[in-house]
Amino acid sequence: MGKNLVIIGGGAGGASTAAEAKRDDPSLNVIILQMGKFVSYASCPTPYYIGDLIKDENKLIARTPAKFNEDGIGVQLNAEVINIKENIVEIKDRRQVPYDILVMATGTSAIVPNMPGIDLPGVFSLRNLEDAIHIKTWLREKNAKRVIIIGGGFIGLEMSEALHAAGIKTTIIHKDAMPANRWDAALSSIMLEELQTHGVEFVANATAQAIEKGTTALLRVTTDKGAWDGDLVLLAIGVRPDAQLAKSIGFNIGKTGAIAVNFAQQTSMENVYAVGDCCESWHRVSRRWANIQLGDIANKQGRVAGRNIGGRPLTFDGIVGAQSFRLFNLECAATGLSENEALAAGYAPVSNITWGSAMAPAPGMRKIGLKLIADKSSGKLLGAQAVGVAGVVGRINALSVALWAGLNIDEIGYLDLAYAPPFSAAWDIIHNSAQALRRMI
Ligand SMILES: Cc1cc2nc3c(=O)[nH]c(=O)nc-3n(C[C@H](O)[C@H](O)[C@H](O)COP(=O)(O)OP(=O)(O)OC[C@H]3O[C@@H](n4cnc5c(N)ncnc54)[C@H](O)[C@@H]3O)c2cc1C
C-alpha cells in the first residue's frame with residue numbers, strides 16, 4: 001500500500017502537485033480535496049469568459065475529475081477542509097481523510113471592504129471559475145448595460161476590456177490618481193488614455209463608501225467623489241493569501257501573512273508542503289520572502305513540491321516578480337522591484353524612463369515606454385516596467401532573465417538581443433535605456 005498524499009485545494013498549485021507526484025511515484029494514493037464544484041481550472045482567462053470572448057467554461061478546465069481518476073488521482077469536490085489534526089484532515093460535512101503527506105494549496109481569499117450594501121445581490125468578487133459563471137449569468141439575466149468596478153489594478157483593468165467586448169460600459173473607481181499602481185505614473189497615464197479611448201470611465205482618487213439600490217441601474221456605488229449607477233458591482237481591490245487554516249493549527253506564517261516554506265516547498269510541519277498563492281516565494285532581487293499571487297508561480301511550486309514528494313528532489317529557486325497583462329491595444333508588463341520596494345530592501349535606487357519604438361524608424365513607429373531601476377552603488381538592475389502597443393512582454397521577459405542572473409546596467413546596455421527592423425532598432429530600447437541610466441549614475 002502506497003502513502004496517502006492529500007492535497008487541500010485543486011487550483012493551479014494543487015493540481016500541478018498531484019499530477020507531478022503521481023507521475024514520479026505511482027504508488028502514491030493521491031486525493032485532491034476541493035471546495036466548490038470545479039477542479040484544475042484556470043482563473044486567469046475568466047475575464048475573457050465573462051466578456052464572452054471564450055464562450056465555453058469547459059475551455060478553462062485543464063483536467064476534469066474523470067481525467068484525474070484515469071491517472072489514478074482521486075478528487076473530492078465540495079470538500080472544504082476545516083481542520084487538520086494527527087494526520088487526519090476534517091471536511092466540513094464531517095468526513096475524515098487520513099494522510100501521510102499533506103499539501104496546502106488553498107490560494108487566496110478576496111479582500112471585501114466593510115461597507116453598507118456589500119451583501120446586496122449583484123455585488124461580486126472574481127476569484128475563480130464559479131465566481132465567473134455567477135457574474136456572466138447575472139449580466140445576461142439582468143441584460144446589464146453598465147458595470148461599476150471598484151479597484152483599478154490589473155484584474156479591474158482586464159475586466160473593463162472584457163466587458164467592453166461584450167458591449168457593456170464600465171466605470172472604474174480607484175483610490176489613486178492612476179490605474180495599475182505597480183507601474184510608474186508616466187506609464188500608467190498611457191493606460192488611462194487607453195481606457196478613455198475605449199469609453200471606460202475612470203474615477204480617480206475616490207473611495208467607495210456604500211452600495212445601495214440604484215435609480216438608473218440596479219445598484220449605486222456612493223463614493224467621496226459622487227455616486228455611480230451600474231447593473232453589477234465588481235469588487236477588485238485585491239486578495240490576501242488564504243493561510244487561515246494553516247495559522248489556526250500552528251504553521252509558521254511569514255511576515256507577508258502567507259505560509260512560510262523552504263526551497264523544497266516544505267512548511268514548518270513535518271510532511272506538510274505548501275504551494276501557490278497561499279505560501280511565500282524567495283524574491284531573488286529583494287532577497288526576502290515575498291507573496292506574489294500569480295498563476296505561473298503556483299504551477300512551478302506545485303511541480304517542485306510534486307517532485308520532492310515523488311522522490312525526484314528539486315528546489316524552487318525563487319522569483320523576480322515578472323507580470324504582464326493586456327489592456328485593449330496595450331501590452332503592460334513589469335518585473336523586479338519598484339523604487340519604494342528597492343529602498344525597503346536596502347538598495348539606493350536610481351531610475352529613468354525612455355520612450356522609443358518597438359520597431360526600427362524606417363518601417364514605422366510603435367510607441368513603447370520603458371522604465372529601468374538600478375542600484376546606484378553596484379549598477380545592478382533592480383526592476384523594469386513597460387507599456388506599449390507591441391514588444392513589451394518580450395522585453396520585460398528579457399529583463400527578467402537579466403534580474404535572475406543579477407546583471408548590471410553596463411552588461412544590459414550591450415546585451416546580445418535579436419535585431420530586425422520590424423521588431424527593434426539595432427540599438428534596442430533596452431540598450432538605450434540602460435546606457436542612459438549608466439550616464440545618470
Ligand atoms: C481574474 C483573474 C485573473 C488572473 N490573471 C492572471 C494572469 O494573467 N497571470 C497570472 O500569472 N496569474 C493570474 N491570476 C492569478 C492566478 O489565477 C493565481 O495566482 C493562481 O490561480 C493561484 O493558484 P493556487 O493553486 O495557489 O490557488 P487557486 O487557483 O486559487 O486554487 C486554490 C483552491 O483551493 C480551494 N480551497 C481553499 N481553501 C480550501 C479548503 N479549506 N478546502 C478545500 N479547498 C480549498 C479554493 O476553492 C481554490 O479552488 C489571475 C487571477 C484572477 C482571479
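Modeller: Helices (H or I, at least four residues) and strands (E, at least two) are DSSP runs here, numbered from the N terminus. The model is predicted.

Colleague: In which loop is the place of Q265?
Modeller: Phi of Q265 is positive, near 70°, and the residue is not glycine. Most residues other than glycine have a negative phi. As for its place, Q265 is in the loop between α7 (244-248) and β18 (272-274).

Colleague: Is Q265 buried or exposed?
Modeller: A residue is buried if 20 or more other C-beta atoms lie within 10 Å of its own. Q265 has 31 other C-beta atoms within 10 Å, so it is buried.

Colleague: Which residue takes a positive phi in the hairpin of β21 and β22?
Modeller: β21 and β22 pair in the antiparallel sense over 5 bridges, and S324 has A333 of β22 as its bridge partner. The hairpin has 2 residues between the strands. The residue with a positive phi, near 50°, is F328.

Colleague: How does F328 count, by its C-beta neighbours inside 10 Å?
Modeller: F328 is in the loop between β21 (323-327) and β22 (330-336). A residue is buried at 20 or more such neighbours, exposed at 12 or fewer, and partly exposed in between. F328 has 16 C-beta neighbours inside 10 Å, so it counts as partly exposed.

Colleague: How many residues of β22 are buried?
Modeller: The other pairing of β22 to note is with strand β25 (residues 381-388), antiparallel and over 6 bridges. In that pairing A333 stands opposite A386. β22 is largely enclosed by the rest of the structure, because the number of its residues that are buried is 7 of the 7.

Colleague: Which residues is C332 in contact with, leaving aside its neighbours within four places in sequence?
Modeller: With sequence neighbours within four places left aside, its contacts are A180, W183, M191, S324, F325, L327, V387 and V392.

Colleague: How far apart in space are V392 and I259, C-alpha to C-alpha?
Modeller: V392 is in helix α10 (residues 392-405) and counts as buried, because it has 25 C-beta neighbours inside 10 Å. Not counting residues up to four places away in sequence, V392 touches E331, C332, A333, I368, A386 and V387. V392 and I259 are 133 residues apart in sequence, and in space their C-alpha atoms are apart by 33 Å.

Colleague: What distance separates the C-alpha atoms of K142 and L218?
Modeller: K142 lies in the loop between α4 (129-141) and β10 (146-150), and 14 other C-beta atoms within 10 Å make it partly exposed. Not counting residues up to four places away in sequence, K142 touches L218 and D231. K142 and L218 are 76 residues apart along the chain, and their C-alpha atoms are separated by 8.8 Å.

Colleague: What separation do the centres of domain 1 and domain 2 have, taken over C-alpha atoms?
Modeller: The protein chain is divided into domain 1 (4-41 + 57-108 + 239-309), domain 2 (123-233) and domain 3 (329-440). The contact between domain 1 and domain 2 takes 8 residues from domain 1 and 5 residues from domain 2. Taken over C-alpha atoms, the centres of domain 1 and domain 2 are separated by 32 Å.

How values were computed
Residues numbered from 1 in each chain as written. Predicted model: local features only at pLDDT ≥ 70, side-chain atom pairs only at ≥ 80, totals over all residues. Contact = placed C-beta atoms within 7 Å. Domains from an automatic or database assignment. Pairing = 2+ DSSP bridges.
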